[in-house]
Amino acid sequence: MPKKAMAKQVAPKLKGKTSSKAKPAAKASEKPVKLVPKPLAHEMMKRLQKLYPDADCELNFDSPYQLLTAVILSAQTTDVQVNKVTGKLFSRFPTAKSLAEGSIDEIKEIIKPTGYFNAKAQSIQNCAQQLVLRFGGKVPNTLEELTTLPGVGRKTANVVLGVEFGQRGWTVDTHVQRLSKRLGLTKNADPYKIELDLIKLFPDEDWSNLSITIIWHGRRMCFARNPDCPACPLNDICPSSMV
Ligand code: SF4
């Protein structure tokens, strides 16, 4: 039974909840908001954790190699879409060694539904080859080593470290970027600067869970377009609330 991976680290392109041609999408205020005081930031997270007590990684995987591969594939698509192809991919190529030695055309064919399949196939195979060549086929458990792998940036590495190795860290994907600004947790746009702001705001034992919790809220309610502010439990304290 594959583990339920939580983190869709790589940000899916949110399309919002509606696609009505007649009605333009409502937008939450994207104007810079004032930073909220730390107690209010903590209250927001408390409410979100209550709303999503089971927030967890939503990718399917059975090993660190499979999680790393799934996270790379999740760029520009959704976890649901990735899960549709990884069953077959990991059945055919269950280890880094098998993927490293696999037919690139076969890999492309399997992962095609995730989009950008030429680049992604090359990326996951190059990554698998480096895992075999430099790490004995195993996924390293440090940020420094992970980010030397092809296709692996800080965000992807933090997902793997948090989900698979239980290390504390922030995963600043597109949802965390958007919500952090809307909630007044940061004024920065750069993911690394946002990460530093969040690190200062919250205790380190909460970083990984809060990352996932914010990602879940971004996927389920605080959409890029048409955020569901009327239903949101933060609508009385969120500086971007449209209620
Ligand atoms: S009230 Fe909720 S849904 Fe609306 S912008 Fe704030 S966090 Fe997002």
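Lysine 88 is found in helix α3 (residues 79-92). Helices here are DSSP runs of H or I with at least four residues, numbered from the N terminus. This is a predicted model: local features need pLDDT of at least 70, side-chain atom pairs count only at pLDDT 80 or more, and totals for chains, interfaces and linings use all residues. Residues are numbered from 1 along each chain as its sequence is written.

Lysine 88 is exposed because 12 other C-beta atoms lie within 10 Å. The cut-offs are 12 or fewer for exposed and 20 or more for buried, with partly exposed in between, and C-beta atoms are placed from the backbone. From lysine 88 to isoleucine 107 is 19 residues in sequence and 10.0 Å in space, C-alpha to C-alpha.

Helix α10 spans residues 191-201, and its buried residues are Pro191, Ile194, Glu195, Leu198 and Leu201. They fall within an arc of 125 degrees seen down the axis of α10, so they line one face of the helix. That arc is taken from the directions from the helix axis to the C-beta atoms. Tyr192 and Lys200, on the other side of α10, are exposed.

Around the ligand stand 13 residues, of which Cys222, Cys229, Cys232, Cys238 and Ser241 come nearest. A residue counts as near if its C-beta atom, placed from the backbone, lies within 6 Å.

Methods:
Helix = DSSP H or I, 4+ residues; strand = E, 2+ residues; numbered from the N terminus.
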